[in-house]
Amino acid sequence: MYNKILPPNSQVLIKQSQLNDSIEQLAKQINQDFSGKEVAFLTIMNGGMIFASALSTKLNLDMEMDYLQLSRYGKSKTGGQLVWKYQPEINMENHHVILCDDIYDEGHTLEAAHDWCIKKGAKSVSSVVLIHKQHDRPYANYKPDYIALNIPDHFIFGYGMDLDEKLRQLPEIYYIPTPE
């Protein structure tokens, strides 16, 4: 179906069924851990939108939803300076905040969002990511609390993650193998 829009040599890295199963498992754990708590569920846009939508429909929690937009990438494939594009208007005081993002690559975006939520009075801040990319580059002093899938260091796209600001809508996660 997507052959006309996929770059040449693209390959599926994570199938839709595996994504669904992983999200279901995360939801069970989060439902258990946050049962009876007031939650502010914040999606980190744009990348987190598809994952957050899928996950949130499986959460049986007393929660408000909002989003934030903080980026290090823009149209680049490597991280740069953090830029705030939108800060949530939700009142975080006395709430347990769950930050939901697509990928933990180096962790700087999640770390900045976490620190901002604490400054805004959050009772606690936890983070959930769909993908944890394992590599040799330095990570921030921040680790996500919930991880759906660990992958090798590929540049990936689909299921919220972009390739030149496109292809976020793909229902699976793709990569383009590098020639050896």
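Start by selecting Lys-133: this residue is buried, with a relative accessible area of 6% (buried means under 20% relative accessible area, exposed over 50%, partly exposed in between, using a 1.4 Å probe and protein chains only). Before you click on, note that this is a predicted model, where local features need pLDDT of at least 70, side-chain atom pairs count only at pLDDT 80 or more, and totals for chains, interfaces and linings use all residues. Residues are numbered from 1 along each chain as its sequence is written, and side-chain values use heavy atoms, with hydrogens and water left out.

**Stop one: the partner of Lys-133**

Asp-105 and Lys-133 form a salt bridge, with the closest N and O atoms 3.7 Å apart (that is, a side-chain nitrogen of Lys or Arg within 4 Å of a carboxyl oxygen of Asp or Glu). Asp-105 sits in the loop between E5 and helix H3 (108–119) while Lys-133 is in strand E6, so the pair ties together parts that are 28 residues apart in sequence. Helices (H or I, at least four residues) and strands (E, at least two) are DSSP runs, numbered from the N terminus. Asp-105 counts as buried too, at 11% relative accessibility.

**Stop two: a charged trio**

The structure holds four salt bridges.

**Stop three: the nonpolar cores**

Next, colour Ile-30, Phe-51, Leu-55, Val-128, Leu-130, Ile-131 and Ile-173. Of the 30 residues in the largest nonpolar core, these touch the most other members. A nonpolar core here is a set of buried Ala, Val, Leu, Ile, Met, Phe, Trp, Tyr and Cys residues joined through side-chain atoms within 4.5 Å. Elements supplying at least two residues each include helix H2 (49–56), strand E6 (124–133) and strand E9 (173–175). The largest share, five residues, comes from H1.

Zoom in on Leu-130. Leaving aside neighbours within four places in sequence, Leu-130 is in contact with residues including Leu-19, Phe-51, Asp-101, Leu-149, Tyr-159 and Ile-173 (contact means heavy atoms within 4.5 Å).

Finish with Ile-44, Met-92, Tyr-104 and Tyr-142, which belong to a second, separate core of 18 residues.
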